[in-house]
Amino acid sequence: MSGEVVVRSGGLSTTVQDLGRDGQYAIGMPPSGALDQFSHRAANMLVGNPVGAATLEATYIGPELEFTDERRIAITGADAPVRLNGEPVPLWETVQVRSGDVLGFEMLRAGARPYVAISGGVDVPEYLGSRSTYTLTGIGGFEGRALSEGDRVPLGELGSGGPRPGTRVPEDLRM
């Protein structure tokens with residue numbers, strides 16, 4: 001069985017995003033997807049996921065998340081103080097989490113959207129070839145909406161390998 005993330009708080013607006021659903025404008029569907037594609041891809045690379053795997057995209061105020069199994073995570077994008085079980089977590093770096101660990105965000109210092117990649121990816125159903133949330137019509141992502149307290153977000157199966165904890169994106173390559 002795969003793990004899941006229990007949402008203790010959804011923050012201001014945290015949604016599931018991937019690279020989007022390109023090529024659907026003919027039916028009136030915009031691409032959706034991660035707003036900051038570089039940060040989304042970098043986060044996935046730091047945990048050993050394909051770059052298009054689904055991540056969590058927060059807006060301004062990040063979520064509080066509890067993990068139910070052992071995973072690797074990475075937080076990229078906006079500059080936000082992040083804590084794991086109350087201890088500071090480095091951004092743009094591979095971090096190990098265990099069952100029962102709680103990840104929380106403080107108010108952003110710069111930027112607008114932090115990304116949380118989790119090894120195995122966020123395993124919500126695809127809609128028109130994407131796992132991205134499009135809240136205007138309530139499709140994709142986790143039930144077509146932002147995450148809220150009590151949600152249990154499914155995670156994909158863990159692959160073998162991937163970057164070791166402490167692997168980081170050099171500062172001069174960060175956006």
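## Strands E2 and E3

Threonine 14 has alanine 58 as its bridge partner in E3. This pair belongs to a predicted model. The two strands concerned are E2, residues 14-17, and E3, residues 55-58, which pair in the antiparallel sense over four bridges.

## Strand E1 and its two partners

Strand E1 covers residues 4-9 and pairs with E4, residues 64-67, in the antiparallel sense over four bridges. Within this pairing, valine 7 has leucine 65 of E4 as its bridge partner.

E1 also pairs with strand E11, which covers residues 152-154. The sense is again antiparallel, and the pairing runs over three bridges. Here glutamate 4 stands opposite proline 154 of E11.

## The chain as a whole

How many helices and strands does the chain have? There is one helix, and there are eleven strands. Read from the N terminus, the order of the elements is β-β-α-β-β-β-β-β-β-β-β-β. The radius of gyration is 15 Å, close to the 16 Å given by the globule rule for 175 residues, so the chain is as compact as a globular protein of that length. The C-alpha trace spans about 45 × 35 × 35 Å along its principal axes.

Of the 175 residues, 49% count as buried. Among contacts with a separation of 6 or more, 73% are between residues 24 or more positions apart.

## Surface and charge

The chain has an accessible surface of about 8,200 Å², and carbon and sulfur atoms hold 51% of that area. On the charged side chains, the count is 15 positive and 22 negative. The centres of these two sets lie 3 Å apart.

## Valine 122, a buried loop residue

Valine 122 is found in the loop between strand E10, residues 110-118, and E11. Why does valine 122 count as buried? Its relative accessibility is 3%, and the cut-off for buried is under 20%, so valine 122 falls in that class.

Leaving aside neighbours within four places in sequence, valine 122 is in contact with Val16, Ala54, Thr55, Leu56, Arg131, Val153, Pro154 and Leu155. Alanine 42 is 80 residues away from valine 122 in sequence, and the C-alpha to C-alpha distance between them is 16 Å.

## Two residues with positive phi

Most residues other than glycine have a negative phi. Serine 32 has a positive phi, near 55°. Its place is in the loop between E2 and helix H1, residues 37-47. Is serine 32 buried, partly exposed or exposed? With a relative accessible area of 24%, serine 32 is partly exposed, because that class lies between the 20% and 50% cut-offs.

Tyrosine 60 is not a glycine either, and its phi is positive at about 60°. This residue lies in the loop between E3 and E4. Its relative accessible area is 43%, so tyrosine 60 is partly exposed.

How values were computed:
Residues are numbered from 1 along each chain as its sequence is written. This is a predicted model: local features need pLDDT of at least 70, side-chain atom pairs count only at pLDDT 80 or more; totals for chains, interfaces and linings use all residues. Side-chain values use heavy atoms; hydrogens and water are left out. Two strands pair if DSSP finds at least two bridges between them. The radius of gyration is taken over C-alpha atoms; the globule rule is 2.2 Å times the number of residues to the power 0.38. Buried means under 20% relative accessible area, exposed over 50%, partly exposed in between (1.4 Å probe, protein chains only). Contact means heavy atoms within 4.5 Å. Accessible areas come from the Shrake-Rupley method with a 1.4 Å probe; for residues, only the protein chains shown count as cover. Lys and Arg count as positive and Asp and Glu as negative; His and the chain ends are not counted. The place of a charge is taken as NZ of Lys, CZ of Arg, CG of Asp or CD of Glu.
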